[in-house]
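Please look at the sequence and structure first, then read the notes below.

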Amino acid sequence: MDELRTGGAVRPITRWGTPVMHARTRPVTSFDQELQELVQDMFATMYAAEGVGLAATQVGIDLAVFVYDCPDDEHLRHVGVVCNPEVILPEGKERNLETADEGCLSLPGAYLELARPDHAVCRGQDHRGDPVEVVGTGLLSRCLQHETDHLNGTVFGDRLSGRARKKLWALHEERAENYPDDWPVSPRVDNESE
């Protein structure tokens with residue numbers, strides 16, 4: 001993982017409303033140098049934006065891959081890459097919803113409560129094409145679901161009621177001036193006192 005987490009270039013984050021954010025992605029079929037460079041850029045971008053996960057759609061690429069660096073409910077850090085992910089969620093008595101604030105680097109500055117299962121299993125392939133399975137609890141479970149949603153053309157606002165979605169957009173609009181179009185490449189810092 002270390003070689004993937006360094007050496008990348010920070011890319012501007014694609015915003016909600018851009019077509020790539022609302023369409024199903026193409027599967028990864030070539031596990032080559034081009035994919036490795038994309039993954040390195042995605043890690044660099046995620047770290048620059050101080051996120052815990054980032055899908056390829058969030059850097060404008062319609063490819064089924066996401067990266068993550070996220071703690072679970074025991075505060076253990078998990079770092080990785082998942083290509084062609086499939087999320088398996090508990091059902092019936094095993095399904096427990098956890099309501100927590102959720103945000104998205106593609107709609108910066110806005111957070112709103114959303115209920116999601118507190119446990120998720122994500123299966124796919126790593127950057128070399130080898131099978132991978134990530135078991136997530138707590139924030140990691142939320143991250144696996146959120147990033148896989150992105151690759152299926154779903155933003156977390158799609159899971160909110162109409163009223164909540166309006167509130168989320170209002171929160172984003174209030175803070176939008178802090179996140180220019182090329183964010184996180186050159187975030188604007190407002191040093192004026194109020």
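D2 counts as exposed because its relative accessibility is 56%, where exposed means over 50% relative accessible area, buried under 20% and partly exposed in between (1.4 Å probe, protein chains only). The side chain of D2 meets that of R5 in a salt bridge, at 3.4 Å from N to O. This is a predicted model, in which local features need pLDDT of at least 70 and side-chain atom pairs count only at pLDDT 80 or more, while totals for chains, interfaces and linings use all residues. Residues are numbered from 1 along each chain as its sequence is written, and side-chain values use heavy atoms, with hydrogens and water left out.

**Salt bridges**

- A salt bridge is a side-chain nitrogen of Lys or Arg within 4 Å of a carboxyl oxygen of Asp or Glu.
- Eleven salt bridges are found when the whole structure is searched.
- R5, the partner of D2, is partly exposed, with a relative accessibility of 26%.
- R128 forms a salt bridge with D126, with 3.5 Å between the closest N and O atoms.
- In that pair, R128 counts as exposed at 53% relative accessibility, whereas D126 counts as buried at 12%.
- R128 also forms a salt bridge with D130, where the closest N and O atoms are 3.6 Å apart; D130 is partly exposed, at 36% relative accessible area.
- A network of salt bridges links E102, R116, R142, D149 and R159.

**Helices and strands**

- The protein chain contains three helices and seven strands; helices (H or I, at least four residues) and strands (E, at least two) are DSSP runs, numbered from the N terminus.
- Along the sequence, the pattern reads α-β-β-β-β-β-β-β-α-α.

**The sheet**

- An open sheet is formed by five strands in the order β1-β2-β3-β6-β7, with antiparallel pairing; two strands pair if DSSP finds at least two bridges between them.
- At the edges lie β1 (53-55) and β7 (131-137), each of which pairs on one side only.
- From one strand to the next, the twist averages 35 degrees; axes are lines fitted to C-alpha atoms, for helices over the stretch in contact, and angles run from 0 to 180 degrees between N-to-C directions.
- Strands β3 (residues 77-88) and β6 (residues 119-125) run antiparallel and are joined by four bridges.
- I88 stands opposite V121 in β6.

**Helices against the sheet**

- Helix α1 (residues 33-48) lies across β1, β2 (65-71) and β3, and runs at about 40 degrees to β2.
- Helix α2 (residues 138-151) packs on the sheet and touches β1, β2, β3, β6 and β7; its direction makes about 165 degrees with that of β2.

**The chain as a whole**

- Of the 194 residues in the protein chain, 46% are buried.
- Among contacts (heavy atoms within 4.5 Å) with a separation of 6 or more, 67% are between residues 24 or more positions apart.
- Along its principal axes, the C-alpha trace spans about 50 × 45 × 30 Å.
- The protein chain exposes about 10100 Å², of which carbon and sulfur atoms supply 46%; accessible areas come from the Shrake-Rupley method with a 1.4 Å probe, and for residues only the protein chains shown count as cover.
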